[in-house]
Amino acid sequence: LVVVVVAVLAALLANLIAPYPPDQTNFSAALQPPSPAHWFGTDELGRDQLSRVLFGLRVSLLVAVLSIAISLAVGVPLGLAAGFYRGLDRVVSRFADTLLAFPFLVFAVGLAAILGPSLLTATTAIGVAGIPAVVRVTRSETLRLRGLDFVAGAVADGASDFVLLRRHILPNSVNTLIVLATVAAPAAIIGEAVLSFLGLGIQPPTPSLGLMLSDGRDTLVQAPWAEVFPGLAIAITVLAFNVLGDGLRRNITRSGQDR
C-alpha cells in the first residue's frame, strides 16, 4: 500500500517534483550516466530520465484508472443481468467466453492496431479486454448473493428487481469489485507498456514507460540506465498492486469466514 501511494503521489505531483520538463532536450548531455544533475541519467536526446519516468508513470496510472472504469461500467451491469436473470445468463456468458478466447494482451494489441495508436486507443483496448473478467466475477457474486436469506426476505417484502440489484446485491459486491480492480491495475499497466513499446499506444513526445523501453533498445549497451529505470518503475508498481490485491483478497475472505 505504501509503494502504491508513493507511486500515485509521484505521478500526481510530477509537475512539482520533476527536475526538468520531460521533453526538454540537451544534446550536449546525451546518454549521461546517473549523476547528481540527472539521478536516472539521460537518454539519446539528453532528456532527463527521472522526469520522464515520473510523467510516464502518470500516463500508466491514468490508462489503468480509465481502462478499469470502462471495464466496470460495461462489465458490472452485464454481470448483474447474467446472474439475476437466467434467461440472459447464456447470452452474456457466451459473450464473455468469446472475449476470453483471446488472450488479454493479444486482444488489446489487435484492437489497438485496428483503431490506430493513441492514448484513447490504448485505454479503450485495455478496458474492453478487461470486460470479460468483470462480467464473470460480478455474475458469480450475484448468483451467490441472490440465494442468501436477506435477499429472499427483501423479495418477500415486495422489493422489485431494480431495488434488489441496487440496494442489496450491488452494494454487497463492492468489496469483491474493489479487489478485482486492484488486481486488474497491473495488467492495465503492463498492457499500456506493451502497446506503447510496439508503437500502438502513447505517441511521442508524450512520455510513456513502454515508449522509453522501446527507445532505449538502440542504446542498451552504452546506456543501460535508459532501460533499467523505466523497467524498474513498471516492475515495482506492478508488484505493489499485485501484493496489495492479494492482501485485500485474503482479508475479505477471512472476514467472510469470521461472519
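The largest cavity in this predicted model is lined by Asp43, Glu44, Arg47, Gln49, Arg52, Met212, Asp215, Gly216 and Ala226. Its volume is about 60 Å³. With a threshold of 30 Å³ or more, the count of cavities is one.

By residue class, five of the lining residues are charged, two are polar and two are nonpolar. Two helices, H3 (49-84) and H10 (209-216), each contribute at least two residues to this lining. H10 has the largest share, with three residues.

The surface carries a nonpolar patch of about 770 Å², formed by Leu1, Val5, Val8, Leu9, Leu12, Leu13, Leu16 and Ile17. Helix H1 (2-12) and helix H2 (14-17) are the elements that give two or more residues to this patch. The most come from H1, which supplies four residues.

Leu1, one of the patch residues, is located in the segment that precedes H1. Leu1 is classed as exposed because its relative accessibility is 65%, and the exposed class starts over 50%.

The two features are set side by side below.

| Feature | Extent | Element giving the most residues |
|---|---|---|
| Largest cavity | volume about 60 Å³ | H10, three residues |
| Nonpolar patch | area about 770 Å² | H1, four residues |

Note on methods
Residues are numbered from 1 along each chain as its sequence is written. This is a predicted model: local features need pLDDT of at least 70, side-chain atom pairs count only at pLDDT 80 or more; totals for chains, interfaces and linings use all residues. Side-chain values use heavy atoms; hydrogens and water are left out. Patches are made of residues with over 30% relative accessible area and no salt bridge: like charges are joined within 9 Å, nonpolar side chains (Val, Leu, Ile, Met, Phe, Trp, Tyr) within 5 Å. Accessible areas come from the Shrake-Rupley method with a 1.4 Å probe; for residues, only the protein chains shown count as cover. A salt bridge is a side-chain nitrogen of Lys or Arg within 4 Å of a carboxyl oxygen of Asp or Glu. Buried means under 20% relative accessible area, exposed over 50%, partly exposed in between (1.4 Å probe, protein chains only). On a 1 Å grid over the protein atoms alone, a cavity is a set of points where a 1.4 Å probe fits but cannot get out, and a pocket is an open set with protein on both sides within 12 Å along at least five of seven lines; lining residues have an atom within 4 Å of a point. Grid points are joined across faces, edges and corners, and a volume is the space filled by probe spheres set on the points. Ala, Val, Leu, Ile, Met, Phe, Trp, Tyr, Cys and Pro count as nonpolar, Asp, Glu, Lys and Arg as charged, and the others, Gly among them, as polar.
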